[in-house]
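Subject: Structure handover

Hello,

Here is the structure I promised to pass on to you. Please open it first, and then read my notes below.

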2 protein chains.
Amino acid sequence: MDITSDTQALTSFFRPRNIALVGASDKSTWSAMIHSRFARFGHEGQLFAVNRGGNPAHGLPGFTSCTEIPEPIDAAYIYVPAAAVISALEDAARAGIRNAVILTSGFAEAGGEGVHMQAEVAKRAAELGIRFMGPNSMGFANIGHHSAMTSINTRLPVRIGRLALISQSGAIANELGKFAHAQGIGLAFTAATGNEAGITVTDILDYLVDDDQVGAIALYVESLKKPDRFVSAAARARAAKKPIVILKLGRSEMSGAIGLAHTGSLVGDDGVFNALCDRHGISRVSSIEELIITADFLGKVGPIDPPRIGFTSISGGACAIYADLADIHGVEVAPYTAGTQSKLREVLPPFAATLNPLDVTGVVLQEPQTWSKVIPILQDDPNMGLIVASTVLPNTETEVQILGEGVRAIAAGFKTAGKPPVIASLILQDASEVQLAFRKSAGVDVTLPDLDFGVRALAHLQRWARCLARPLVEAAAPANLGIRPVGERETLAYLAARGVPVIPSSLVTVAAAAQRVVAALDTPAVLKIASPDIAHKTEAGGVRLNIAAHEAHETFESIVAAARVHAPTARIDGVLVSPMRKAATELIVGVVRDREWGLALTVGIGGILTEVFKDSATRLLPLDPAAVRDMLLALRGAKLLLGYRGQPAADLDALAAAIAAIAEAAAALGPSLSVLEVNPLRVDGSQVEALDGLTIYQAGSGGSGEEA
Amino acid sequence: MDITSDTQALTSFFRPRNIALVGASDKSTWSAMIHSRFARFGHEGQLFAVNRGGNPAHGLPGFTSCTEIPEPIDAAYIYVPAAAVISALEDAARAGIRNAVILTSGFAEAGGEGVHMQAEVAKRAAELGIRFMGPNSMGFANIGHHSAMTSINTRLPVRIGRLALISQSGAIANELGKFAHAQGIGLAFTAATGNEAGITVTDILDYLVDDDQVGAIALYVESLKKPDRFVSAAARARAAKKPIVILKLGRSEMSGAIGLAHTGSLVGDDGVFNALCDRHGISRVSSIEELIITADFLGKVGPIDPPRIGFTSISGGACAIYADLADIHGVEVAPYTAGTQSKLREVLPPFAATLNPLDVTGVVLQEPQTWSKVIPILQDDPNMGLIVASTVLPNTETEVQILGEGVRAIAAGFKTAGKPPVIASLILQDASEVQLAFRKSAGVDVTLPDLDFGVRALAHLQRWARCLARPLVEAAAPANLGIRPVGERETLAYLAARGVPVIPSSLVTVAAAAQRVVAALDTPAVLKIASPDIAHKTEAGGVRLNIAAHEAHETFESIVAAARVHAPTARIDGVLVSPMRKAATELIVGVVRDREWGLALTVGIGGILTEVFKDSATRLLPLDPAAVRDMLLALRGAKLLLGYRGQPAADLDALAAAIAAIAEAAAALGPSLSVLEVNPLRVDGSQVEALDGLTIYQAGSGGSGEEA
């Protein structure tokens, strides 16, 4: 068993009391800085210096070995030179220590020999039964539990709260903490995992999901490890309504096989991870500030129901900026109900419009108490799950004098109703101690610091709330059928057997039979080369459209000849004959296996233009028809399904059912499947048909399409 | 002549010395607040109180009328009740005062009677020859010239610099100034124009373009007035390389006529204003912080050449965040040259990659002087017009001790080379006095406060530099031909006469002639109803494709019959017969007249899917073929023109020439033209042909298409 997944062991790891500082020295300003962090973060427990000379350091008693320390020791904090790390671990193990943070750098992050040394450290730690963070890790501060072993900095006073920060990078961990502090946001936990030869961001996430001190988790990740555990932690966080917000960088590589199918270019480098976020309600952000503001806000507000937001401000300018930012970031701006609007008209001046966003007008400057009437009316609106009142939060004593009464009136208005009270300020500035004290005295608990990040946080809140309101599709994966259809013909036959509507076709193996088969159709025909070894038939000259019976013989021969030129070694089964369908809406449906996150289904509309316009949606399996319907309606091209310009509307139920059946059919092909793609899936009103299909299997699992 | 456009008069308006405070009273805290602003902003000049009792106020001598003041008075600052504003203006005029700020509210912003009162004020001021800002205006502070008459607030110490802020909203003006102050950004000018019955944002912009104290101009605008002056100011600012950055809200209305053409939905509500920004290098932003940070940065850095940016940081995390944000915001990230990379390898550790963004690795922690070697190497890169070094700017004395040496080493590195030195910090926090003093002592003049807004500012910088490097297309508008083609047939004939390649067609007026005309073609035909009164022929059943000669007679009759049902009163000229072209790439090209900004051309690719996927570009006229080529290549669908999936590449020169000819043809139809649309413009390799065309004229100018 992985020693990092034992919850009890992790609890002991993250709540050490007595700690050995291995490498502590009064000669090192670095060591002094490290020692100072314990007091800063309010660590409760005894500290001991361990170094070659057994010298005291930073006022702590000194020892040459952990084994000499007279007290029981919970953890070793190791910052000896890289070459001495293994012996430090061995010494710690001899003292019965099972937990360590290895701060020492010069391992994998330095390349070359460092990579090898890091592997040796990990191997030896496992042998010794030591759990560790690092190397090159700045450790953690479990602020909520008064435990720390970290070189992460904090400004003072430390603000204790419910936000947890987990970063791979130490430099970024410092900035995360600094920004949270400047914004007056309190932390429960902070960690920087470094090279992650031991405990990873994922392990800590998994642990903190169950920590009651933690209300929201913010992650900074360059490369995410242990995907299965990540998914299970995310699912538990979703169930517990504890938000996870992630700043994930770097691009995941597509496997070569997936690149062969068109789906690959639609999914893009990050599409499957985005699908994972979508499934589990993880909010993905793009900057440090957005990470902290969003995580803090979601943690304090919780999922709102209904997932709609009413906005109001004293400033018409703020309302206008809000409206435009809401449009940019995809916040749905629904109107207040007619009832709300009529009640508003009773308390606002006649020239005030009762729109969302609601400009309460300058009247509140003269009569701040108008706020106390307006807010309860908005809070009562059944159409809204949250009301945000925007004003200027005072940051100086003078501003408190000028603005305080208005803010207090807003806060008083919020107190009369049940939804979380949110006040948004207009610009991002540090929350001064004056502001924090004022907020406390006025009962202003939840704030957004500005409109730019504030609206982004509201967009994340709305998506998160919608995700949590959706049932999570949790179907058992279908049994692996142990079969392996290859090429268009087998793939379509397999899909048909699994309930996917598929165009009828006949395999013709000799040219002489082609005319008869085409003549039996009511319509002209499509002739396509049938070969398990040719994935891209058009490029091989292997597709001919609109063929009449009398042309069929010659077409058969020309297709086979072209294929032989294009792919001389390909096995050729013959030519597939299908009826020619008239032009209609075409979708591409592809199921691809992501190395880390498993099977994901991508759907796009628009035939060849799908790739040009990158209009597609990707979701992780399992999927049901309702989820597929949501995917389809989320596409820009959804208009084409809803009866665009006089075209018949598509039967969305039939279409969603067909796509869900494709997903399940792909899953039933077992773990060697890389790609199952239907392109096109044709939709013409109620007629849904797969016109072509393709499967690709993982290299080394017994051959695939084009790779042969 | 508009008295607000006289530069000399505006100079006297914006540099008053002696000011009468009309409405000043010791009983009013509001009046006291207003009076305090003069000292805050360092106003140089004498102040006098004017009120009904002639009482002194705020320590100023009191008078009952401006005419009694013994000194010459440059301006009146009016905040009497709304009903007394006109008599205050009359009194001021009698005292020879020609300049006023009217702070009083209760005019158009309060609706009803206020609208009328405001018109009266404007009328009376014009009669009296008084220039004024307001009503409901918080006035201005001309900080660079030590003149102020404003109720806008400022934190102290006032930071004097080169940024000008012009806002319609007073509340937003306060926030703009506060944010600039918190960021340590100095101002030359700030104003809030309010209801703009007199001086507008546009007037002030026009004036400040020529003020040497002003290096950059930031605008907050809800509704922009005087478009012609705005354009001429923008053009002068472009020539002077003085950046204009605008936060413009609210949506401009499309005229009803434009909505008739498909182009309307492509351009969207804001597309023409965006085209104006594109033409003149105006940076359009979406939040207060982005406005201030971008304007300050562009003003300090100036347009860079080449317009590419090299980024470097001590933090791999910062490099990764930068790369992802650059992708999101469209910053081109070009590699350093091979020469630069080889020089970097000599000074960086072997495991450092020499990419852009450049992670200099933790080695600079031990050896900050590495920065002094790295920065000049990057500064020498001929591929880059700007190098941005990212680190943490210290905000406290402790941080100066820890981080100061590294930042000084970066600054020293920048001193050896000619490009503007830029240091970017990682998170947005207030710039403390410690930081500002440190920056001064270290010679760090230009900073970006964080990555989120920083990368957006870099994206604006890059676009602005590219715009300034492009020649501005300045062709005289073609002479108004005084003609008025209506309907498809006349429009296409007109376009053909103006050099646009157009599909050949024949007008058939009797069904009996149709077969002969079709038979004369080499191909099947397209038959379309010819009527000046039917703009949307497909919806009228008036278009039939792929008609053989023997079908032509019947098709003619069925088209005419359908048209008569659809539009019983429409004039029907007959049926147009053209050769049927095979499927190829289709563009839509539309020229629309925006009420404020004039003619703009929109081009989109993708036939009916253009509207679904909203893939279009809009530029103001005049346009030349080179500018059209840029537009085409900026589309996502440009791939379809460049030889997508084995299709022949389009002849871009021929295509751009055709589109430029359409633009010129539209302009030659004179000011009554609302829309000229070619849809589709078909492109098949080197063959470019307008297949259909439509014109719409302004209502009241003599009738148009569908409106009849």
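In chain B, helix α15(B) meets helix α16(B) through Trp371(B), Ser372(B), Val374(B), Ile375(B), Pro376(B) and Gln379(B) on one side, and through Gly406(B), Ala409(B), Ile410(B), Ala412(B), Gly413(B) and Phe414(B) on the other. Residues are in contact here if their C-beta atoms, placed from the backbone, lie within 7 Å. Of the residues in this contact, eight are nonpolar, four polar and none charged; Ala, Val, Leu, Ile, Met, Phe, Trp, Tyr, Cys and Pro count as nonpolar, Asp, Glu, Lys and Arg as charged, and the others, Gly among them, as polar.

This is a predicted model, in which local features need pLDDT of at least 70 and side-chain atom pairs count only at pLDDT 80 or more, while totals for chains, interfaces and linings use all residues. Residues are numbered from 1 along each chain as its sequence is written, and chains are lettered from A and ligands numbered from 1 in the order in which they are written. Helices (H or I, at least four residues) and strands (E, at least two) are DSSP runs, numbered from the N terminus.

Back to that helix pair: the axes of α15(B) (residues 370–379) and α16(B) (residues 397–415) come within 7 Å and cross at roughly 35 degrees. Axes are lines fitted to C-alpha atoms, for helices over the stretch in contact, and angles run from 0 to 180 degrees between N-to-C directions.

Now to chain A. Which residues of α4(A) are buried? They are Met117(A), Gln118(A), Val121(A) and Ala125(A), where buried means 20 or more other C-beta atoms within 10 Å of a residue's own, and exposed means 12 or fewer, with C-beta atoms placed from the backbone. Those buried residues pack against α3 (85–94) and β6 (131–133) of chain A. On the face turned away from them, α4(A) carries the exposed residues His116(A), Lys123(A) and Glu127(A). Just after α4(A) comes Gly129(A), with a positive phi of about 70 degrees.

Helix α3(A) has its own buried residues, including Val85(A), Leu89(A) and Asp91(A). The buried residues of α3(A) pack against β1 (19–22), β4 (75–78), β5 (99–102) and α4 of chain A. Gly96(A) follows α3(A) and has a positive phi, near 80 degrees.

Finally, the two chains touch through 50 residues from chain B and 49 residues from chain A. On the chain B side, α12(B) gives the largest share, seven residues.

Happy exploring!
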